[in-house]
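Open the model in your viewer and colour it by chain.

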Amino acid sequence: MMGELFWILLGAMVVNNFTLYYFLGLCPFMGVSARISTAIRMGAANIFVLTITSICAWFLNTFVLPYAPYLRLISFIVVIASLVQIVEMVIKKVSPALFRALGIYLPLITTNCAILGLAIFQTNRGYGFLEGLFFALGGGLGLTLALVLMASIREASEVADIPSLAKGMALVLIVAGSLSLAFMGFAGLLSAT
Amino acid sequence: MKQTTPQQDFFRGIWRENPVLIQMLGLCPALAVTNTVENSLAMGIATFFVLTGSSLLVSLFRRWIPNEVRISTFILIIATFVTVADMGLEAIVPTVHKALGAFVALIVVNCMILSRQEAFAAKRPVGRSLLDAFGTGIGFVIALVMMGGVREVLGNGTFLGFSVFGSRFEPWVIFALPPGGFLTLGFWLLILNWFEKRRADRAKVRDWPDGVAEARAAA
C-alpha cells in the first residue's frame, strides 16, 4: 500500500509531470515564471488548492455524483471555486502572513486547468481518498518543480545574447520543450516497478 | 467601448488576433491533443461549438446577469455546453473521444472561451457576438490544424491518416509526444515573428522617402 502511494506521488511529480507531460497549468507556467521567488509562491498556492480539490472531488464522487453523473463537470467547477473562495477568506482572517504570501494567486489558480484536470484524472482512474491525496501532492510538487526550473532558466537567459526573433514566448516554449524532453527520461522509473 | 464594424468582428479572431498564435490563450488543448490532424480537428470543432453556444447565451442574457457573479455565470454556461459536447463526441466519434480523453472536459477552463465572454459577448448584441465567436473559433481551428499538421507529418509520416513520405520514412516520434507540442508551437512562433519583422522592415523602407525629405528639410 505504502509503495503504491509512493509511486503515485512520484509518477505525478516527475514521470507524468502535470505541466510538462499533460500540459496542465500552462498559464502560470508561462505567466509567472519570470522570477524564482514568485514561482515558489505560485507553486505553494497550487499544492494547497490541488489538495483541497482532491478532497472535494473524492467527496463528490463518493456521495453525490453516483446519483447524477451528468452534473460531474458543473459540480466540480462550482464546488472547487466556492471552496477556494471560502478558504481564502479563512486564511485572510487566521493568518494574514500566509495570505500575503499566497495573495492573488489563490483565486487565479481556481480557473487553472491543473485543478479541474486533477479532479477529472482522479475520477477517471478511480483513485480512493488517500491515493487522490498523494496524486494531488505529487501533481502540486511537480508543478512547483517545473515552475522553479523554468524561472531559473528564464532568469539566466535574461542576460544571455538571444536572437531578437526568439525573445519572449517563442524562447519560453522551446525551453519548455527541452525540459519536457528531459523529463521523458524519467519514464523508465515507472516501468521498472 | 471601441466601435467596430461587423467585418472586423468576424475577421479579427481568424488571423490578426488569433487566440493561440497571437494571444497565447487556450494553450492547454492546443499543445495536448494536437498530435494528429484528426484529433486537432475534433478538438477545434468541439471548442468552436462551445464558444458559439456560450457567446449566444451570454449575449442573450447579458442584461440579466448580475455584474458581481458574471464570471461564475459564464463558467456555468460554458460547463453546460462542454457537457453537451462531451456526450455528443462520445456518441458520434467514440474513438476520437477516447483519444482526447480528459481534455474534452477541460474545454471548460480554456481561457480563450472565457476571455471572449468577458471581453465581447457580455457587452454586445447577439449578432455581433456570434460573428466574433465564429471568427475566434475558426482562428482556433486553424491554429490547431497548423499544430496537428506539422506534428502528424513529422511524428508519424502521415496527414489525416494518409502516408506522405512513403514507407521508407522513419517517423520523428518526438513530435507526436509532449515535447513535440512545445517545440512545434515554439517554431511556429519563430516563423510568425520572422514574417512580422519582415513586414515591419518593408513598411520602414516604404516610409523612407518621406524620412529623406524630412532630413533634407531639417538640414
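## Two helices in chain A

This is a predicted model. Select helix H3 (residues 36-64) of chain A together with H7(A): the two pack at an angle of about 40°, and their axes are 9 Å apart.

Now show the side chains where they meet. On H3(A), pick residues including A:Asn46, A:Val49, A:Leu50 and A:Thr53; on H7(A), the residues they meet include A:Ile115, A:Leu118 and A:Gln122. What kinds of residues make up the contact of H3(A) with H7(A)? They divide into 7 nonpolar, 6 polar and no charged.

## Where the chains touch

Next, select the contact between the chains, which takes 32 residues from chain A and 31 residues from chain B. On the side of chain A, the elements giving two or more residues are helix H2 (26-31), helix H4 (72-94), helix H7 (113-125) and helix H9 (169-184). H9(A) gives the largest share, 9 residues. This side of chain A has 26 nonpolar residues, 6 polar and no charged.

## The core

Finally, select A:Leu116, B:Ile78, B:Val82 and B:Val108: these have the most contacts inside the largest nonpolar core, which has 109 residues. Helix H8 (residues 129-157) of chain A supplies the largest share of this core, 12 residues. Centre the view on B:Val108. Leaving aside neighbours within four places in sequence, B:Val108 is in contact with residues of chain A, namely A:Leu73, A:Ile77 and A:Leu116, and with B:Ile75, B:Ile78, B:Ala79 and B:Val82.

Notes
Residues are numbered from 1 along each chain as its sequence is written. Chains are lettered from A and ligands numbered from 1 in the order in which they are written. This is a predicted model: local features need pLDDT of at least 70, side-chain atom pairs count only at pLDDT 80 or more; totals for chains, interfaces and linings use all residues. A nonpolar core is a set of buried Ala, Val, Leu, Ile, Met, Phe, Trp, Tyr and Cys residues joined through C-beta atoms within 7 Å. A residue is buried if 20 or more other C-beta atoms lie within 10 Å of its own, exposed if 12 or fewer, and partly exposed in between; C-beta atoms are placed from the backbone. Helices (H or I, at least four residues) and strands (E, at least two) are DSSP runs, numbered from the N terminus. Two residues are in contact if their C-beta atoms, placed from the backbone, lie within 7 Å. Ala, Val, Leu, Ile, Met, Phe, Trp, Tyr, Cys and Pro count as nonpolar, Asp, Glu, Lys and Arg as charged, and the others, Gly among them, as polar. Axes are lines fitted to C-alpha atoms, for helices over the stretch in contact, and angles run from 0 to 180 degrees between N-to-C directions.
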